[in-house]
Amino acid sequence: MTKELDHGRTNAAHGSRIDAYVDRYAARATGMVASEIRALFAVASRPEVVSLAGGMPYVTALPLDLVGELVADLVATRGSVALQYGSGQGDPALREQICEVMRMEGIEAGADDVVVTVGSQQALDLITRIFIDPGDVVLAEGPSYVGALGTFSAYQAKVVHVAMDDQGLIPESLAQTIYALQTAGSRIKFLYTIPTFQNPAGVTLNEVRRRQVLEICQRAGILVVEDNPYGLLGFDGEPLRALRADDAEGVVYLGSFSKTLAPGFRVGWALAPHAVRDKLVLAMESAVLSHSTFTQLAVGQYLTTQPWREQIKAFRELYRERRDALLGALEVLMPDGCTWTRPGGGFFVWMTLPEGLNSKAILPRAVAERVAFVPGTGFYSDGGGARHMRLSYCYPEPDRIREGVRRLAGVIEQELQLRDTFGTGSVPGHAGVDTPGPDLA
């Protein structure tokens, strides 16, 4: 060992450099750091803390005994297949069943254009990998899903947010943003949107705007990436017609069984035009060779043997009760100046704080008072969202939700007193994209 190498290793061992490899990472790894929010969520996972943060489905509502029997039977009867390598595109029978699921949202598609992925998060990663060069633009709602923003950041895309309101993405804002970017010579690769029960805002793009958004993107030659994990979890009426149902060539549709079955299976999919499908399969095989045949067959067995439509209805009623508990508690307990969305489905409410308050800055105080939420800054790539927070109602029992809102309202009252006394609340933390993880899903 040379003196130079020995000296470098000695310095690293003595802590003169926190990460001995810091100069060797790719540029895209620079922003891949754990945030202070994650450290707080480690505390927030304690049972005494009411978490209105993570979007964890309430899997206890599943018939777990039947699921257990199903899995045991799969191993006993088809173990030699279930425990073997599989296709990079996914199990053919499951892809047929996925087409049946998508038919509920008006999508008519063939199994050949479906690529099964490790949750829809991997589908996002694969789409970004095959389309994005450093500096390319991705259009996304403001706010947008933190997991998507983390993926776009990792591939060095420039995310440009498009304004939304209670009816979802604003078409006029989309058209103006596209025109300004194209005039400036920017390369827009796709629009990323969650049109139904959006994460984090909980709002839904209405039917008129859906047509307008598609028309705008068609005229501009921009691909639409439609992420739709919550589409079947509406509380009123039939599922809305997906964007993909009206544009087979201009939309890549991402779906998942994480919210309608269980996230632990890690089974999602992408429905894409033929040429894009081929690239996705190659990227999939490059990433993992083939993903779990076992979990795919387990999901397929569940769809074949269980009344899955009735189970989705049961989830809808459960989440409706919890949504109502959250909205009712907010109405009664929140101080003047707070406003929030009223979702018609999904998992989330988006709350706006009074002027002068910063959600990221007050999170430590909230966790100390045994309640957790996700600050709004995590859902913007440009430092926005300081006055907002995402509240999730999918996991806690209704009484726990009400107690969590009571604690949170007390924290906000204290912050308002600080603002009124000193002119501002707690000092805000730094802004930036948080690395995605289950706590922020």
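The model is predicted, so local features need pLDDT of at least 70 and side-chain atom pairs count only at pLDDT 80 or more, while totals for chains, interfaces and linings use all residues. Residues are numbered from 1 along each chain as its sequence is written, and side-chain values use heavy atoms, with hydrogens and water left out.

Start with helix H11 (residues 308-333) and helix H13 (residues 398-422), whose axes come within 9 Å and cross at roughly 30°. That angle makes H11 roughly parallel to H13, a label for angles under 35 degrees. Here helices are DSSP runs of H or I with at least four residues, strands are E runs of at least two, and both are numbered from the N terminus. Axes are lines fitted to C-alpha atoms, for helices over the stretch in contact, and angles run from 0 to 180 degrees between N-to-C directions.

Where the two helices meet, H11 contributes residues including Glu321, Arg322 and Leu333, and H13 contributes residues including Pro398, Arg402 and Ala409. Contact means heavy atoms within 4.5 Å. One of the H13 contact residues, Arg402, also forms a salt bridge with Asp399, at 2.7 Å from N to O. A salt bridge is a side-chain nitrogen of Lys or Arg within 4 Å of a carboxyl oxygen of Asp or Glu. Arg402 and Asp399 are 3 residues apart in H13, so about one helical turn separates them. Arg402 is partly exposed at 39% relative accessibility, whereas Asp399 is exposed at 59%. Buried means under 20% relative accessible area, exposed over 50%, and partly exposed in between, with a 1.4 Å probe and protein chains only.

Side chains of opposite charge can pair when their charged atoms come close. By the rule above, the count comes to 22 salt bridges. In one of them, Glu100 meets Arg309 at 3.0 Å, N to O. Glu100 lies in helix H4 (residues 92-103) and Arg309 in H11, so the pair ties together parts that are 209 residues apart in sequence. Glu100 is partly exposed, at 32%, and Arg309 is partly exposed, at 38%.

Another salt bridge joins Asp113 and Arg277, with the closest N and O atoms 3.4 Å apart. Asp113 sits in the loop between H4 and strand E2 (114-117), and Arg277 in helix H9 (residues 274-288), 164 residues apart. Asp113 is buried, with a relative accessible area of 13%, and Arg277 is buried, with a value of 13%.

Finally, salt bridges link Asp133, Asp136, Arg187 and Lys189 in a network.

Key
Angles under 35 degrees count as roughly parallel, over 145 as roughly antiparallel, 65 to 115 as roughly perpendicular and the rest as oblique.
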